[in-house]
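Hi everyone, thanks for making time. Could we bring the model up on the screen, please?

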Amino acid sequence: MTELALTLISAALLNNFILHWPLGVDPLLAGSRRQVHALGLATGCLMLSVGVIGYVLWHWLLVPLQLQALHLFVFLPLNVLLIAPVLKLLTRALPDWPFDGLWPLLLGNAGVLGLALINAQNDHGLLQAAALSLGAGLGFWLVLSLFSDLRERTADNDIPLPFRGLPIDLIGAGLIAVIFLGFSGLIKT
């Protein structure tokens with residue numbers, strides 16, 4: 001049980017998919033303030049479903065049939081096919097949240113595909129893959145929320161002209177990454 005909790009915390013804080021690995025940066029830079037929490041929840045649910053189903057497909061279908069070379073041809077369509085059902089379920093569950101227009105941001109998120117590939121490489125079990133997927137989704141949502149708050153705070157500041165827009169966003173992302181690097185001393189193995 002402690003391994004699952006450590007995996008969840010590690011995926012959310014230490015090995016964050018946006019800050020530690022540059023996976024899923026496009027939604028971070030393209031997301032609007034209005035859709036931050038909707039995008040975070042949708043990405044977290046998509047990561048959880050693709051991570052668990054991808055693990056099952058890898059270990060129970062591709063490995064026994066010795067078709068490991070086809071992993072991208074399985075994981076990429078799985079990602080694309082699960083976007084619409086996840087958005088539909090979330091829209092039914094939370095009708096007040098703005099889930100419209102999230103399709104391109106979820107489709108272009110390389111973090112979901114990266115998570116499926118990482119779960120396929122690790123052979124720690126289904127619960128470990130689910131914990132890693134849930135932690136990655138929660139970490140994505142956390143960084144998305146922090147970055148949106150940082151964008152909102154810098155919008156009204158007097159920033160020099162060459163640093164306005166994307167440069168200040170990238171500097172802010174780098175500073176958030178340095179802050180998250182401080183969490184690396186939390187878990188010692």
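I'll go through the annotated segments, the core, the salt bridges and a surface patch.

A word on the basis before we start. This is a predicted model, so to speak of a local feature I need pLDDT of at least 70, and side-chain atom pairs count only at pLDDT 80 or more, while totals for chains, interfaces and linings use all residues. Residues are numbered from 1 along each chain as its sequence is written, and side-chain values use heavy atoms, with hydrogens and water left out.

Let's begin with the record. The unreviewed UniProt entry places "transmembrane region" features at 6–24, 36–58, 70–90, 102–120, 126–147 and 168–187; the positions are in the numbering used here, feature names are shortened, and such annotations may be inferred rather than shown by experiment. What does the chain look like over residues 70–90? There we get 95% helix and 0% strand, with the end C-alpha atoms 31 Å apart. Over residues 102–120 the figures are 84% helix and 0% strand, and the end C-alpha atoms are 26 Å apart. When I name helices, I mean DSSP runs of H or I with at least four residues, numbered from the N terminus; strands would be runs of E with at least two.

Now to the inside. The largest nonpolar core has 41 residues. By that I mean a set of buried Ala, Val, Leu, Ile, Met, Phe, Trp, Tyr and Cys residues joined through side-chain atoms within 4.5 Å. Buried is under 20% relative accessible area, exposed is over 50%, and partly exposed is in between, using a 1.4 Å probe and protein chains only. Among the residues with the most contacts inside the core are A42, L46, L87 and F99. Elements giving two or more residues to this core include α1 (2–14), α6 (110–121) and α7 (126–155), but the largest share, 10 residues, comes from α3.

Take L87 as an example: setting aside residues up to four places away in sequence, L87 touches A42, F99, L102, W103 and L106, where contact means heavy atoms within 4.5 Å. Helix α3 also holds T43, which is buried at a relative accessible area of 0%. Beyond its neighbours within four places in sequence, T43 is in contact with L106, N109 and F140.

How many salt bridges does a search of the whole structure find? Three, counting a side-chain nitrogen of Lys or Arg within 4 Å of a carboxyl oxygen of Asp or Glu. D169 and R151 meet in one of them, at 3.2 Å from N to O. D169 lies in helix α8 and R151 in helix α7, so this pair ties together parts 18 residues apart in sequence. D169 counts as buried at 11%, whereas R151 is partly exposed at 23%.

D149 pairs with R153, with the closest N and O atoms 3.0 Å apart. These two are four residues apart in helix α7, so about one helical turn separates them. R153 is exposed at 58%. Then there is R164 with D158, at 4.0 Å between the closest N and O atoms; D158 is exposed at 73%.

Last stop, the surface. L61, L65, L67, L70 and F73 form a nonpolar patch with about 480 Å² of accessible area together. L67 sits in the loop between α3 (36–62) and α4 (71–93), and counts as partly exposed at 34% relative accessibility. Patches are made of residues with over 30% relative accessible area and no salt bridge; nonpolar side chains (Val, Leu, Ile, Met, Phe, Trp, Tyr) are joined within 5 Å, and like charges within 9 Å. The areas come from the Shrake-Rupley method with a 1.4 Å probe, and for residues only the protein chains shown count as cover.
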